[in-house]
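Student: I am new to this structure and would like to learn how to read it. Could we go through it feature by feature?

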Amino acid sequence: MNLAELTARFRDAVARSSDARALDEVRIAFLGRSGAVTEVRKGIGKLPPSERPGAGKVINEAVQALEAELAAALARVENAALTRSLEDTSDVTFPGPPAKIGAIHPVRHVAIDVARYFTRHGFAVVLGPEIETDANNFDALNIPPDHPAREGLDSFYLRPDLVLRTHTSPMQVRAMRKHGPPIAIIVPGKAYRRDANDARHLFMFHQVEGLMVGHGIHFGHLKGMLVGMCRELFGPSADVRFRPSFFPFTEPSAEIDVKCPACAGTGEVAAVQCRTCGGSGWIELGGSGMVHPNVLRSVGYDPDAVTGWAFGCGLERIAMKRHDINDIRAFIENTPGFAEGLA
Ligand code: PHE
């Protein structure tokens, strides 16, 4: 092999090398101790003595040039590898996916909003036991043992005299026995009824009870506070209706309806029956009324000296209307993302 041939082959091999390792093999094969260039050097010995130094010099210069080409090729492939690795690398300054921290449950959200409204008006928030005496749950609320209203509640009894409270109203009794008038409280909490779970019923649900008793308290105060509560929950233009009703522990009694926020009371959305109110234009939130004199008497208050109002609303019911949820079971199914989606 002569020098020109070696140079040509070397360049060819360099051109075909795509990484540092391949280039190193080229170096060993051509410029290494037992490589091609050594073969060419051996040829010097066959030349006439006068030509040997010149030939040696030519070979050395050629080797230097080839080494320079090799170094340039090495820099080229390393640069290309670096560029590729930079392109592959993720942007480490890019923000990571947000941590899942959950969200406040929509029922709790309603309770918080109701509590914020009433505490702003001087009411205290109190909590009561879920296991109640039947005396507090019924008798003290003017529901004697033979009263048909007891049957309708179909309660969970733990003992003949202990029941999972069927409403938050027994806390009216506990609070009034503990504190003399005047009194202004709300009571959020769980209530239990022997209902099979379906789209509209849960055997365990939430209510908020309200109670205000003092000198000269009248139905106007009840209306004013509940209209205010509905505006807090459904917006400043919420319209409220009081529909005559019956509860053993209030007289007179009224159901509280709020004008449907989805259809503005028309019962229709885009010419079809409103899903939120079922076409009636009104949403039923709960019961209310003036505290019955028998209830005041049962807790030691004088019905000739003080009067009061009370109400009880279902929290799931309010949350369903707020978020257009059609099946109450959604609140207890723990579907991932349910609460986050409504927050
Ligand atoms: N306790 C009643 C219910 O559960 C609601 C209510 C509370 C009505 C207070 C009047 C006064 O349906």
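Tutor: Start with exposure: a residue is called buried under 20% relative accessible area, exposed over 50%, and partly exposed in between. Keep in mind that this is a predicted model. Arg243 has a relative accessible area of 29%, so Arg243 is partly exposed. Glu284, at 36%, is partly exposed as well.

Student: Which residue forms a salt bridge with Glu284?

Tutor: A salt bridge needs a side-chain nitrogen of Lys or Arg within 4 Å of a carboxyl oxygen of Asp or Glu. Glu284 forms one with Arg243, and the closest N and O atoms are 3.5 Å apart. Glu284 belongs to strand β11 (residues 282–291) and Arg243 to strand β7 (residues 240–247), so the pair ties together parts that are 41 residues apart in sequence. There is also a network here: salt bridges with shared partners join Arg241, Arg243, Asp257 and Glu284.

Student: How many salt bridges does the structure hold?

Tutor: The count is 18. Two of them can be read within helix α1 (residues 3–16). In one, the side chains of Arg9 and Glu5 meet at 3.2 Å, N to O. These two residues are four residues apart in the helix, about one turn. Arg9 is partly exposed at 45% relative accessibility, and Glu5 is partly exposed at 35%.

Student: And the other one in that helix?

Tutor: Arg16 pairs with Asp12, with 3.1 Å between the closest N and O atoms. Arg16 has a relative accessible area of 62%, so Arg16 counts as exposed. Asp12, at 42%, is partly exposed.

Student: How many aromatic pairs does a search of the whole structure find?

Tutor: The search finds 10. Take Tyr117 and Phe118: their ring centres are 4.9 Å apart and their planes are at 80 degrees, an edge-to-face pair. An angle over 60 degrees between the planes is what makes a pair edge-to-face.

Student: Are Tyr117 and Phe118 buried or exposed?

Tutor: Tyr117 is buried, at 4% relative accessibility. Phe118 is buried too, with a relative accessible area of 0%.

Student: How do I read the packing of two helices?

Tutor: Two packed helices are described by the angle between their axes and the distance between the axes. Here helix α5 (residues 106–120) and helix α11 (residues 315–323) pack at about 105 degrees, their axes 9 Å apart. Angles of 65 to 115 degrees count as roughly perpendicular, and α5 and α11 are therefore roughly perpendicular to each other.

Student: Which residues of α5 and α11 meet?

Tutor: From α5 come Pro106, Val107, His109, Val110, Ala111 and Asp113; from α11 come Leu315, Glu316, Ile318, Ala319, Arg322 and His323. By class, this contact has seven nonpolar, two polar and three charged residues.

Student: Can we end with a single residue? What does Gly314 touch?

Tutor: Leaving out residues up to four places away in sequence, Gly314 touches His206, Gln207 and Leu285. Gly314 is in strand β12 (residues 307–314). Its relative accessibility is 16%, so Gly314 counts as buried. For a distance, take Phe249: this residue is 65 residues from Gly314 along the chain, and their C-alpha atoms are separated by 18 Å.

Technical notes
Residues numbered from 1 in each chain as written. Predicted model: local features only at pLDDT ≥ 70, side-chain atom pairs only at ≥ 80, totals over all residues. Heavy atoms only, no water. Buried < 20%, exposed > 50% of the residue type's maximum accessible area, 1.4 Å probe, protein only. Phe/Tyr/Trp six-rings, centres within 6.5 Å; stacked < 30°, edge-to-face > 60°. Axes fitted to C-alpha atoms, helices over the stretch in contact; angles between N-to-C directions. Parallel < 35°, antiparallel > 145°, perpendicular 65-115°, else oblique. Contact = heavy atoms within 4.5 Å. Nonpolar A, V, L, I, M, F, W, Y, C, P; charged D, E, K, R; others polar.
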